[in-house]
Amino acid sequence: MGAIISALQQSDKTYIYVYQSVIRYIIPILAGLLLYRCIRPLVTFRREPEIWAWICLGNGKKLPVTHWESVIGRSKRSDIVIGIPTISRNHAVLTRYDDGSWTIADAGSKSGTRVNGKKISICPLEENDVIAIGGVEMTLQPISRRQEVRLSQLRTKASSPFRSVVNLSLLTVLQFLFCFSYLLVENVEDARLIFTGFLGITIFQWGMLTFYLIVKKPSFEVETLAFFLCTLGMVVISAVKPTEAVKQLAAISLGLGLFVGLGFVLRDLEHAKRVRYAAAIIGVVLLLITLVFGKEYHGAKNWLIIGSFSIQPSELSKVCFVFVGAATLDRLVNRRNLILFIVYTGVICVCLALMNDFGTALIFFVAFLLIAYLRSGSIGTIALACSAVGFAGILAVKIAPHALRRFESWRHIWEDPLNTGFQQTRALMCVAAGGFFGLGAGNGWMRRVFAADSDMVFASLSEEHGLLLSLMAVVCILALGLFVLRSAAIGRSSFYTIGACTAAGIYLVQAILNTLGTVDLLPLTGVTFPFLSNGGSSMICAWGLLAFIKAADTRQDASFSVRQSKYGRDQDE
């Protein structure tokens, strides 16, 4: 391997120059084609609500039940709207379980909910049970097994295996071009590490696609976008810190393990809801351990050092936080769950305030607000909003001095370009120097700037490979967000919908803070770009959050979190 690399580097410099000059135009074209092929199915698929049962009213009218948790009420925001004054705005909650059984729970209505004449708080339902809310009688008619089979067959199919193979082949070509570019300009030892990094990503992505094809889930657009971002991250590492290539590859492998593991956990919805207690404990314990044993870097005590290995536990706590926030809605109006989540959020708030980890605290705050917005019921929304105000107040009081300095330098970086504005002024100059197509592999200066492979990753990528490619990385995150937004309206369970929306929200906020902070349109918060920035904890967290997005994909044969049953229908297990 070393001899091959040496021979390449000793070849005529003219050929190397020509290759680098041509390849910087070819790469954006191939990347644009890849993104078009991956993003188009995600943002144009037919949104087809799944009807799981019918509410049959006394007047013969039938109302479809399209979610596994449905609020019945007169409010226009209810899932099943019955516009009668005697019915409360959010009167009752109808819930379907993995085994096909149903329950109904009163949502604190004034007149109560009755089943077969008996007033209930929560009650299992049979097909002929008479439900009475606000004096209106109705029955639940679940669809038959044959109808479920037909429902599965009529849903739009996900991408074909051939399309996924072609997309991944395009990505592999890109990886080869990137890798070859850096093999020509780096020393032999660094070139070996770079080659290992790109080869490892290629092996991982084809191994994952092979697994998907075996389980007959050929849709691979979401994962291809993630691997594309990981590839760009390896490009930045090759330019800035080649010695970190193998370390980042190991983080990708751990992230993939978490992605697959969470995917299987999410197959069984009821089990996933029960796991929230373990997730809550793990999330808090990670932060408490950091408070006691953590090391402080640049004003924030957010790192654990174990020998030569370092981790940022607050990144891993994000996955736990999303899990807990989504799983507390197993009863949409259960106040006990609401109170427990508020308490949990308060504990997280205190830990982050004591750690002075402002950037991560801001991400948790946004995740909290997203869960609050998606929360059903006015009382719950108000309570969560009040908690959010308290969260923001503590952050304002406990904000770290280094974060305050970042706010002070915001929009004033050119007043002190050699001190507080050093990173961002250099980033802006490097972005401008790179132009649309970049200076070429190994020709950048940004590598000399602190955190060029993490906080300032947008500028590093722009300098050597152009603004077009960096903007494509942002487009990937926007596409995932749009895909989740389109999927939310037809989501089966609020668990999947809230988990996916919160995960996508975290991606979007991190990408916005990282990108706009680099170019001084927002304060520099030290937040990483998902999948792109160098950092093991950040990479593992990014893949973990992707599992929630994948589990919310209800397209036919799209997600391994939805398994084809022996009856020929997709069934969450």
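Author: Happy to! A helix crossing is left-handed if the near helix is turned anticlockwise from the far one by less than a right angle, and right-handed if clockwise. Keep in mind that this is a predicted model.

Reader: What is the handedness of the crossing of H6 and H7?

Author: Let's start with who is who: H6 covers residues 221–240 and H7 covers residues 245–265. With the clockwise case in mind, the crossing of these two, H6 and H7, is right-handed.

Reader: How is H6 oriented relative to H7?

Author: The two helices pack with their axes 10 Å apart, at an angle of about 165°. Angles over 145 degrees count as roughly antiparallel. Therefore H6 is, relative to H7, roughly antiparallel.

Reader: How many nonpolar residues does the contact of H6 with H7 have?

Author: On the H6 side we find Glu223, Phe227, Cys230, Met234 and Ile237, and they meet residues of H7 including Leu249, Ile252 and Phe259. By class, the contact of H6 with H7 has 1 charged residue, 1 polar residue, and nonpolar residues numbering 9.

Reader: Which residue in helix H19 pairs with Glu223 of helix H6?

Author: Glu223 takes part in a salt bridge of 3.2 Å, N to O. Its partner lies in helix H19, so the pair ties together parts that are 327 residues apart in sequence. The partner is Lys550.

Reader: Are Arg555 and Glu221 buried or exposed?

Author: These two side chains meet in a salt bridge of 3.5 Å, N to O. The pair links distant parts of the chain, with Arg555 in the loop between helix H19 and strand E15 and Glu221 in helix H6, 334 residues apart. Buried means under 20% relative accessible area. Arg555 and Glu221 are each buried.

Reader: Why does Arg192 count as partly exposed?

Author: Arg192 forms a salt bridge with Glu189 at 3.0 Å, N to O. Both lie in helix H5, 3 residues apart, about one turn of the helix. Glu189 counts as partly exposed because its relative accessibility is 48%. Arg192 counts as partly exposed because its relative accessibility is 36%.

How values were computed:
Residues numbered from 1 in each chain as written. Predicted model: local features only at pLDDT ≥ 70, side-chain atom pairs only at ≥ 80, totals over all residues. Heavy atoms only, no water. Axes fitted to C-alpha atoms, helices over the stretch in contact; angles between N-to-C directions. Helix = DSSP H or I, 4+ residues; strand = E, 2+ residues; numbered from the N terminus. Parallel < 35°, antiparallel > 145°, perpendicular 65-115°, else oblique. Contact = heavy atoms within 4.5 Å. Nonpolar A, V, L, I, M, F, W, Y, C, P; charged D, E, K, R; others polar. Salt bridge = Lys/Arg side-chain N within 4 Å of Asp/Glu carboxyl O. Buried < 20%, exposed > 50% of the residue type's maximum accessible area, 1.4 Å probe, protein only.
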